[in-house]
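Here's a quick briefing on the chain shown below. Have a look at the structure first, then go through the points by topic.

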Amino acid sequence: MNEMTTGAMDIASMGVVTVLVIIGLVVWFFVNRASVRANQQIQLLEALLEEQKKQNTLLRRLTDSVAGKEQAEKTPDTTENKDFTRLIPER
């Protein structure tokens, strides 16, 4: 009779180990999947950052060229307005 219970205990312990291995594999699958998705999001964010840097440099060039044109147009007018209001700082 004792021989039958030891055999049953071996089968039960093997069943518990099998269930734990399956649970471990399922948990590993979801953790690995989340990690891959996080890496993809990081790559997309880095690509977005590079595009934003390019846009910032283009915008800076555009504003500098527009500012240069405005300064070229305003230089003759500065000799006409030599009143004292330009010397007083605003509060």
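## One chain at a glance

The chain exposes about 9,100 Å², and 64% of that comes from carbon and sulfur atoms (areas by the Shrake-Rupley method with a 1.4 Å probe; for residues, only the protein chains shown count as cover). Keep in mind that this is a predicted model: local features need pLDDT of at least 70, side-chain atom pairs count only at pLDDT 80 or more, and totals for chains, interfaces and linings use all residues. Residues are numbered from 1 along each chain as its sequence is written, and side-chain values use heavy atoms, with hydrogens and water left out.

**Fold and burial**

- The chain has one helix and zero strands (DSSP runs numbered from the N terminus: H or I of at least four residues for helices, E of at least two for strands).
- Helix H1 covers residues 2-74.
- Of the 91 residues in the chain, 0% are buried (buried is under 20% relative accessible area, exposed is over 50%, and partly exposed is in between, with a 1.4 Å probe and protein chains only).

**Nonpolar patch**

- Val 16, Val 19, Leu 20, Ile 23, Val 27 and Val 31 make a nonpolar surface patch of about 540 Å² (patch residues have over 30% relative accessible area and no salt bridge; nonpolar side chains, meaning Val, Leu, Ile, Met, Phe, Trp and Tyr, are joined within 5 Å, and like charges within 9 Å).
- Ile 23 sits in helix H1 and is partly exposed, at 46% relative accessible area.

**Aromatic pair**

- You'll find one aromatic pair in the structure (ring centres of Phe, Tyr or Trp, the last by its six-membered ring, within 6.5 Å; planes under 30 degrees apart are stacked, over 60 edge-to-face, the rest tilted).
- Phe 29 and Phe 30 form that pair edge-to-face, 5.2 Å centre to centre with 75° between the planes.
- Phe 29 is partly exposed at 44% relative accessibility, and Phe 30 is partly exposed at 48%.

**Salt bridge**

- Side chains of opposite charge can pair when their charged atoms come close.
- The whole structure has one salt bridge (a side-chain nitrogen of Lys or Arg within 4 Å of a carboxyl oxygen of Asp or Glu).
- Glu 51 bridges to Lys 54, with the closest N and O atoms 3.9 Å apart.
- Glu 51 and Lys 54 are three residues apart in helix H1, so about one helical turn separates them.
- Glu 51 is partly exposed at 42% relative accessible area, and Lys 54 is partly exposed at 49%.

**Ser 65**

- Ser 65 lies in helix H1 and is partly exposed at 38% relative accessibility.
- A polar atom of the Ser 65 side chain lies 2.7 Å from the backbone oxygen of Leu 62.

Methods: A polar contact is a pair of N or O atoms within 3.5 Å; within protein, one must be able to donate a hydrogen and the other to accept it, and residues adjacent in sequence count only if both atoms are side-chain atoms.
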